[in-house]
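Visitor: Please show me the model, and then take my questions one at a time.

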Amino acid sequence: MSNEADPRKVSASEAFEAAFGRAPEAVAWAPGRVNLIGEHTDYNEGIVLPAALERGIVVAAAARGDGIVRAVSQRYGGPVEVGRTLGGPRHLELPSWAAYVRAVAREVVGAAPSGPGADLWIGGDLSSAAGLSSSAALVVASALALAETARVENPAVDTIAFAQMVRLVEHRAGTLCGIMDPLVVLEGRRGCALRIDCRSLEIAEVPLPPEIVLVVCDSGVERSLAQSAYNRRRDECEVARGALERLSGRSLRSLRDATRDDLAILGHAFPGELYRRARHVVEENDRVDRLVDALWRNDREAAGRLMDASHESLRHDFEVSTAELDELVDDARGAAGCWGTRMTGAGFGGCTVSLVDRDAAPAFMAHMDQAFRARYSRSPRPFASSAGDGARLLQ
Ligand code: GLA
């Protein structure tokens, strides 16, 4: 290992010092993520296949003696007083990034005996509101940095409990998300996707073919309605589960337990939306292990077909895609060196992910840029990333 400081730590420390006039005591980093397949299955206790990105969120922090927590965002400005761990007024109106920091501070250091405050600087190279899990990355990096400065136990000693805490913070912020994002943000492995069983929470590393990179294109549609639409999909899955339970006379803990035979019964009774929502979940769950298998075998045709099928199912059955995402997928299909493409994350805007031969990635990104610009006069800001490591304190 080299003794040289991580460049992300160096620049975050400089920015912290410029903002607060002293050096930080800890700098933490947490990656964004893409999901390769297994979309909207995590909260149905299904299987997912995400990978951590090389882009992420950096948080530099130092303790304060007065119980006040202040934060500066590289992107959104500040300093904002996000809260007081020693009591005092609660700010009701905070920008959403600061509300996340407040929630993390309450969880991580709120109960610390001395109730220490902290100054935080937040930066990084991951876009927000693009469906790349920037909020989970922000929560994880803030938690790691705050725990270090407050000298409370590193929350990462228990990954599952840490991931559940991150999910709780997201739920309090209004999105009833599943466990996938915090788990991959914490457990990402260089060169690998993670096959996560969202029922048992077992995680298996799936090495990606070394000749491919992940290319991300941003539809640029801010996911403003995402929260309510996402929560509605969750409700619909629950309604479908309940209907199946009644129709089949069997108990189903989640849609994970539904079979194709169950689907036929559901389709008979409720041929519309409810059936399509359930069909997406059941079939998408099946596709995950088929993609794992295709990646092991380096079978690019099979990988492409599965990613295509996943996208079409999200578009027509689960109805979470948008015109921009569909066009990005169409542009990528058949492009030289591209194995497969689909929307990634919750949808209603956000990004696509493509598996692309490393050598072909520059030309692929230029093609995606040009095709999207011709329609929307803006760039989908494509970038390439290998699968990266999970969150950590930077040395
Ligand atoms: C969001 C949520 C995840 C997951 C995906 C859809 O990213 O945070 O828990 O449900 O949407 O697969």
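Guide: F16 and F20 are four residues apart in helix α1 (residues 7-20), so about one helical turn separates them. Helices here are DSSP runs of H or I with at least four residues, strands are runs of E with at least two, and both are numbered from the N terminus. This is a predicted model, in which local features need pLDDT of at least 70, side-chain atom pairs count only at pLDDT 80 or more, and totals for chains, interfaces and linings use all residues. Residues are numbered from 1 along each chain as its sequence is written, and side-chain values use heavy atoms, with hydrogens and water left out.

Visitor: What kind of aromatic pair do F16 and F20 form?

Guide: Rings of Phe, Tyr and Trp (its six-membered ring) pair if their centres lie within 6.5 Å; planes under 30 degrees apart count as stacked, over 60 as edge-to-face and the rest as tilted. The structure holds three such pairs. For F16 and F20 the centres are 4.8 Å apart and the planes make an angle of 45°, which makes the pair tilted.

Visitor: Are F16 and F20 buried or exposed?

Guide: Buried means under 20% relative accessible area, exposed over 50%, and partly exposed in between (1.4 Å probe, protein chains only). By that rule, both F16 and F20 are buried.

Visitor: Which residues surround the ligand?

Guide: The shell divides into five nonpolar, three polar and four charged residues. In that division Ala, Val, Leu, Ile, Met, Phe, Trp, Tyr, Cys and Pro count as nonpolar, Asp, Glu, Lys and Arg as charged, and the others, Gly among them, as polar. The surrounding residues are R33, E39, H40, D42, Y43, C177, G178, M180, D181, Y230, G345 and A346.

Visitor: How much of the ligand's accessible area does the protein cover?

Guide: Polar contacts are pairs of N or O atoms within 3.5 Å; within protein, one must be able to donate a hydrogen and the other to accept it, and residues adjacent in sequence count only if both atoms are side-chain atoms. Ligand oxygen atoms lie 2.8 Å from a polar side-chain atom of R33, 2.6 Å from a side-chain N or O atom of E39 and 3.4 Å from a polar backbone atom of A346. Accessible areas come from the Shrake-Rupley method with a 1.4 Å probe, and for residues only the protein chains shown count as cover. Of the 310 Å² that the ligand has on its own, the protein covers 93%.

Visitor: Which side chain does R277 contact?

Guide: R277 lies in helix α8 (residues 273-296). Its relative accessibility is 3%, so R277 counts as buried. A polar contact of 2.9 Å joins its side chain to that of E319.

Visitor: What is the omega angle of the cis peptide bond between G78 and P79?

Guide: P79 is found in strand β5 (residues 77-84). The cis bond joins G78 to P79, with omega about 5°.

Notes. Near = heavy atom within 4 Å.
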